[in-house]
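Q: Please take a close look at the nonpolar core of this model, and explain the terms as you go.

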Amino acid sequence: MKNHDDNKKTPVSFRFRENRNRCDVKIPISVFILHFVSWKERVIFMSFTNKTAIATGAASGMGLEFSRSFSELGGNIVMCDVNEKALKAYVDEINSKGKGKALGVVCDVRDYLQVENACKSAFDTFGSIDIVCNFAGGTAVRIFNSYDKYDEFPDVPIEVYDWGMDVNLKGQFYFCHVALRYMREQKSGLIVNIGSITGMEGDGYGIDYPTSKAGVMFGLTKSVAQFGSKYGIRCVCVSPGPVLTREAMSNMKTLLGRAAEPNEIIDLILFIASEKGRFINGENIMIDGGRNAMQRQ
Ligand SMILES: NC(=O)c1ccc[n+]([C@@H]2O[C@H](COP(=O)([O-])OP(=O)(O)OC[C@H]3O[C@@H](n4cnc5c(N)ncnc54)[C@H](O)[C@@H]3O)[C@@H](O)[C@H]2O)c1
C-alpha cells in the first residue's frame, strides 16, 4: 500500500527531456513559483511611495503617460509644461484619483530660471527630487510647419532650428544641471533623458533634431552618469522609435511592423526607476521595435 508521507517527501517537479542523448532534468516546482512571484512583483508590486519625480512635457504624450503611471504607483509627480491649460486639467485629474500627489509647474525648459523654479517647487513641496524625466521635446520643422514653406535645410530660418536645439538639448541639459544640485545633497537620484531613433539615423531636413537628440543620447547621458556616480546618482537615456502619441507615427517602419504604444516606453522607464533597474546606468537604450536593426538602404 502506498504511504501518503512518500508523496509529501517527493518534490513536485516538472520533467522535460533536454535532448535524446541526455538524461531527464527535473525542475522543482519551487523554481517555477519563484519565477512567478518575481514576475508578479515586477508587474504588481512596483511602488514609488515617498518618491518624487519631475516630468517635463507632462501635458501630453509620454510625459503625461509617465505622470499618470508614476502617481498610480504611489509616487508624487511634478508636471512641467508650457501648456498651462492642459497641465491644470491633468494635474486635477491625477489628484482626484487619490494616490500619489501631482503638482503642476508652468515651465519652459529653455528658460534656466524657470527650470530652477520647477526644481525648487518640487523640493519645497515634496522634500526630495528622486527622478527627473526629460520628455519635453519635438521636431521643430513639424511644429513650425516648415515642410510647406521652405525647400531645404539652408532655407529654413535659423529660429526654427534654435527652438529644436533649445528644447531637445538645452532643456534636458538645464534640468540635469539644476536637479543634480538636489540629488548631490541627497546622495541619490536618477535622470532619464529622452533621445530618439532619429539621433541614430539622422535627418537631412530637420537637422536640429538628430543633432540635439544624439547629444543627449551619448554626450550628456554618459557625462552626467560619470559626474553622478560618486553621489549615487544614475543617468540613463531612453530612445524610442515611432510612438503613437501621434497617428502619423504608424507610418514609420519597424521590424515588428508597428509603432509603440506610449505605455510600452513608460514601462521601460518605470523599470529603470524601480529597484529592479538599479544597475542600469550611463547607457542609451533604444526601444524601437528593432528599427535600428533594420537594413539601411
Ligand atoms: N512620439 C514619437 O514617436 C517619439 C519618438 C522618439 C522620441 N520622441 C521624444 O519623446 C518625447 C515626448 O514625445 P511625445 O510624442 O510624447 O511629445 P508630445 O508632443 O505629445 O508632448 C510634448 C510636450 O512638451 C511640451 N513642450 C513643448 N515645448 C516645451 C518647452 N519649451 N518647455 C516645456 N514643455 C514643452 C508640449 O507642450 C507637450 O505637452 C520628445 O522628447 C520626443 O522628441 C518621441
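A: Not counting residues up to four places away in sequence, Ile-269 touches Phe-66, Cys-133, Val-192 and Val-238 (contact means C-beta atoms, placed from the backbone, within 7 Å). The model is predicted: local features need pLDDT of at least 70 and side-chain atom pairs count only at pLDDT 80 or more, while totals for chains, interfaces and linings use all residues. Numbering starts from 1 along each chain as its sequence is written.

Ile-269 is among the residues with the most contacts inside the largest nonpolar core, together with Ile-54, Ala-55, Met-79 and Ala-179. This core has 67 residues. Such a core is a set of buried Ala, Val, Leu, Ile, Met, Phe, Trp, Tyr and Cys residues joined through C-beta atoms within 7 Å; buried means that 20 or more other C-beta atoms lie within 10 Å of a residue's own. In soluble globular proteins, nonpolar side chains tend to be buried together.

Helix H8 gives the most to the core, with 10 residues (helices are DSSP runs of H or I, at least four residues, numbered from the N terminus). Another core, of five residues, lies apart from the largest one and includes Ala-140, Val-156, Tyr-161 and Tyr-209.

H8 (residues 158-186) also meets H10 (residues 208-228): their axes come within 9 Å and cross at roughly 10 degrees. Axes are lines fitted to C-alpha atoms over the stretch in contact, and angles run from 0 to 180 degrees between N-to-C directions. H8 and H10 are therefore roughly parallel to each other (an angle under 35 degrees). Tyr-161 of H8 and Tyr-209 of H10 are among the residues making this contact.

Methods. Helix = DSSP H or I, 4+ residues; strand = E, 2+ residues; numbered from the N terminus. Parallel < 35°, antiparallel > 145°, perpendicular 65-115°, else oblique. Contact = placed C-beta atoms within 7 Å. Buried ≥ 20, exposed ≤ 12 C-beta atoms within 10 Å, placed from the backbone.
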